Amino acid sequence: MTQPSKPLARSMVSWSDAVQDAMEGDLVTALAYGTPAGGCVVIPVSPTGLVDRALSTIAVTTSLAFNGKLFHILRDSRVAMAYHTREHGFATAGDFAVAQGRADVPLSPSREALADLAPRVERFLGAVPSGRFWDWVLRDYFDNRIVIDIAVHRVVSWPDLGGNGERTVSGSEWPGTPAPQAPPANGTEPRVDTRKLHGQVNKLTHQLVGYRGPDGYPVVVPVRVAGHDERGLLLECAPGLLPEGGRRAGLTAHSFGRQAIGLANRVCTGWLEADGDAVVYAPHTTSGFAAPPVKSVQMFFNGVFAKQGWRKAQREGTLAKLVQLKDAHRSARPDGAVGTSTPS
């Protein structure tokens with residue numbers, strides 16, 4: 001795992017063996033990051049077991065061709081990773097765990113880091129197709145990958161994947177319950193077809209909600225979409241997981257097969273309202289995809305989309321914009337780390 005270019009001044013964080021098992025073994029996790037309006041986006045990722053317990057770091061890879069999330073993370077480096085799946089991976093512990101920390105985003109691939117990733121990728125995702133054709137198809141998908149290191153600030157866990165039981169906190173003290181947020185100027189009502197969205201989400205195994213905690217770090221919790229009405233999606237979750245009142249929040253639902261083949265997800269932003277056991281999520285945006293359950297086809301489209309994304313990034317000067325954004329936020333912080341120090 002590559003190390004941050006400017007290490008953050010922080011204390012080492014220890015966590016349980018059960019949490020370590022999840023970090024090392026979950027095939028698919030969920031990465032959460034903030035939005036400028038004070039909301040949160042939660043997306044499924046495959047970190048291939050990138051964790052360094054001795055240094056209190058975790059990591060995830062991404063392609064510079066798919067760079068939308070990088071703008072958000074460079075504006076505010078506080079992120080969270082939720083370890084919430086056990087199927088098709090190597091973890092056996094029953095804990096649901098969320099690691100919060102600050103992300104360091106390198107904007108040029110490291111050949112050494114990519115070479116180190118190869119055995120991890122093969123262990124979790126299977127052998128990569130090779131040959132003249134596949135080398136060309138997948139070149140932009142793999143060659144433009146970066147490793148985002150996350151210096152862990154806090155780990156919170158529950159003894160089961162549904163978030164039931166007593167919460168355990170390692171690292172910085174739990175910051176308490178966030179106050180409700182002011183509603184958006186355009187209102188809190190659903191802005192997408194809730195009935196259709198419910199049908200899409202209901203087919204997907206894992207369902208999560210993320211929101212901004214009082215210290216700016218994303219909080220991710222497991223939920224279950226139990227229905228819908230004119231107000232939005234009706235959610236259920238373990239008692240005490242969601243704060244009372246209304247707030248901007250992200251919702252994601254996803255499923256996957258062996259070696260992450262047949263990926264399907266739905267990623268939403270919207271308004272979350274919790275009143276005791278009554279929890280309603282009003283979706284404002286939604287996007288997603290369903291990949292075919294055939295590895296060669298999925299890899300082919302990964303390569304094609306990466307080529308399209310990389311060419312668009314080059315055409316629009318995206319990398320230069322990212323570098324400028326990173327430099328601006330690093331110079332704005334006294335410790336030299338990237339990201340805002342208060343919620344924006």
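This is a predicted model: local features need pLDDT of at least 70, side-chain atom pairs count only at pLDDT 80 or more; totals for chains, interfaces and linings use all residues.
Me: How do the strands of a sheet pair in general?

Reply: Backbone hydrogen bonds join them, in either a parallel or an antiparallel manner. Here the sheet is open and has seven strands, ordered E10-E9-E13-E14-E15-E12-E11, with antiparallel pairing.

Me: Which strands stand at the edges?

Reply: Strand E10 (218–222) and strand E11 (224–229) do; each has a single partner strand, so one side of each is left without a neighbour in the sheet. Direction ignored, neighbouring strands of the sheet are turned by 35° against each other on average.

Me: How many bridges join E9 to E10?

Reply: Five bridges link strand E9 (residues 206–212) to E10, and the two run antiparallel. Within E10, Pro222 is the bridge partner of Leu208.

Me: Which helix packs on the sheet?

Reply: Helix H5 (residues 194–201) does, and the strands that H5 touches include E9, E11 and strand E13 (245–255). The direction of H5 makes about 160° with that of E11.

Me: What describes two packed helices?

Reply: The angle between their axes and the distance between the axes. In this model, helix H4 (residues 132–143) packs with helix H6 (residues 295–316) at an angle of about 55°, the axes being 7 Å apart. H4 and H6 are therefore oblique to each other, and H4 passes H6 in a left-handed crossing.

Me: Which residues of H4 and H6 meet?

Reply: Among them are Phe133, Trp134 and Trp136 in H4, and Met299, Phe300 and Trp310 in H6. By class, this contact of H4 with H6 has eleven nonpolar, three polar and three charged residues.

How values were computed:
Residues are numbered from 1 along each chain as its sequence is written. Side-chain values use heavy atoms; hydrogens and water are left out. Two strands pair if DSSP finds at least two bridges between them. Helices (H or I, at least four residues) and strands (E, at least two) are DSSP runs, numbered from the N terminus. Axes are lines fitted to C-alpha atoms, for helices over the stretch in contact, and angles run from 0 to 180 degrees between N-to-C directions. Contact means heavy atoms within 4.5 Å. Angles under 35 degrees count as roughly parallel, over 145 as roughly antiparallel, 65 to 115 as roughly perpendicular and the rest as oblique. A crossing is left-handed if the near helix is turned anticlockwise from the far one by less than a right angle, and right-handed if clockwise. Ala, Val, Leu, Ile, Met, Phe, Trp, Tyr, Cys and Pro count as nonpolar, Asp, Glu, Lys and Arg as charged, and the others, Gly among them, as polar.
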